[in-house]
Amino acid sequence: MTHVARLKDLGDVDWMREALCQSTPIVWWFPESNKANAYNHARQICKRCDVREECLEFALRTNERWWGMYGGKTPQERRVMIGMKPRRQLGGLG
Ligand code: SF4
């Protein structure tokens with residue numbers, strides 16, 4: 001039941017069926033390094049993805065701020081979008 005409740009909390013995720021990243025290496029989306037160029041492969045694929053807006057909205061709605069490429073935006077780019085301060089100003093968190 002917990003899983004069902006959590007999936008329900010995610011809202012509409014039907015768009016994920018059209019995600020271009022489905023059959024690509026997961027490391028492109030969640031690289032060990034969080035540097036912007038670590039996401040180059042992912043960024044190129046996201047540019048061509050038809051559900052880019054839905055994907056980004058999902059990440060923002062679910063507070064996915066720290067890991068992974070969503071909707072063509074890195075974690076750092078998403079933090080800027082929501083007005084979070086850069087990492088250095090957060091006292092080393094994240
Ligand atoms: S926008 Fe990028 S991360 Fe999101 S579903 Fe499409 S390919 Fe995957």
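A residue is counted as near a molecule or strand if its C-beta atom, placed from the backbone, lies within 6 Å of it. The structure on display is a predicted model, in which local features need pLDDT of at least 70, side-chain atom pairs count only at pLDDT 80 or more, and totals for chains, interfaces and linings use all residues. Residues are numbered from 1 along each chain as its sequence is written.

Select the ligand to begin. It is surrounded by 13 residues, and the closest are A19, C21, C46, C49 and C55. Two or more residues of this shell come from each of α2 (40–47) and α3 (52–61); helices (H or I, at least four residues) are DSSP runs, numbered from the N terminus. By type, the shell holds 10 nonpolar residues, two polar and one charged. Here Ala, Val, Leu, Ile, Met, Phe, Trp, Tyr, Cys and Pro count as nonpolar, Asp, Glu, Lys and Arg as charged, and the others, Gly among them, as polar.

Next, select Y39, A42, C46, C55, L56, A59, M69 and Y70, the eight residues of the largest nonpolar core. Such a core is a set of buried Ala, Val, Leu, Ile, Met, Phe, Trp, Tyr and Cys residues joined through C-beta atoms within 7 Å, where buried means 20 or more other C-beta atoms within 10 Å of a residue's own. The helix α3 gives the most to this core, with three residues.

Finally, select N63, in the loop between α3 and α4 (75–81). Although N63 is not a glycine, its phi is positive, at about 55 degrees. N63 is exposed (12 or fewer such atoms), with 9 other C-beta atoms within 10 Å.
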